[in-house]
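Please look over the sequence and the fold below before reading on.

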Amino acid sequence: MNILSPSILAADFCKLGEQIKEAEAAGARYLHIDVMDGVFVPSISYGMPVMASVRKCTDLFFDVHLMIQKPERYIREFAECGADLINFHLEADVDARSIIYGIRDLGKKVGVTIKPGTAARSVRPYLGLVDMVLVMTVEPGFGGQKIMPHCLEKVGEIRGMAQEMGYNPDIEVDGGITQENVGEAIAAGANVIVAGSAVFRGDIAANVRKLLTGMQGQGSV
């Protein structure tokens, strides 16, 4: 199943609840929540209070992407604020297995994320343990960047690796996704698409519909 996960990082926070409802009504199923600490990535975004507030206005699946050092410090708090899936970076100085089991113990789905410079093979040890692999198609930390096409090759590599091992995790891509290239991401093997500016810049409902159309034909939406 192909799923669109709009990133609220690109939303207008003066109209956040309204814009989320527009995206949901047009067919978005997930909501991508980027958490940045200013250490692991240069930017600082938002944290638990914003997420808890957003949780009150939507039943969308919360796809939480932790771009923070030592994510194990906060997984319980994000779970309590309404996360449905918690994704963390393998590059963030982590004991990945311990964090995976910790998230599972909280009753949440779990994912691992890799940056553009990290090899696809780095996720191999975790493919049987996670629900999702997130492949960053830009350097994390800032919205509005252009996609790095070589990252889509890693999507295909991970999809093939998982199939060979008998696993079928969701593979998510995040960064530079537009109406013009979303089909390429799906064709490469992704089935969860993060889009920020491509959703929230302009007519949200029309943007969501166009992205979903671009995802059709490559798989079932």
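This is a predicted model: local features need pLDDT of at least 70, side-chain atom pairs count only at pLDDT 80 or more; totals for chains, interfaces and linings use all residues.

Residues are numbered from 1 along each chain as its sequence is written, and side-chain values use heavy atoms, with hydrogens and water left out.

The structure holds zero disulfides, a disulfide being a pair of cysteine sulfur atoms within 2.5 Å. For Cys57, the nearest cysteine sulfur is that of Cys81, 14 Å away, and for Cys81 the nearest is that of Cys57. The table gives their burial, where buried means under 20% relative accessible area, exposed over 50% and partly exposed in between (1.4 Å probe, protein chains only).

| Residue | State | Relative accessible area |
|---|---|---|
| Cys57 | partly exposed | 23% |
| Cys81 | buried | 15% |

Helices (H or I, at least four residues) and strands (E, at least two) are DSSP runs, numbered from the N terminus. Helix α1 covers residues 16-26, and its buried residues are Leu16, Gln19, Ile20, Ala23 and Ala26. Seen down the axis of α1, these buried residues fall within an arc of 130 degrees, so they line one face of the helix; the arc is that of the directions from the helix axis to the C-beta atoms. On the face turned away from that buried side, α1 carries the exposed residues Glu18 and Ala25. Among the elements that cover the buried residues of α1 are β1 (3-6), β2 (30-36) and α8 (204-215), contact meaning heavy atoms within 4.5 Å. Just after α1, Gly27 takes a positive phi of about 125 degrees.
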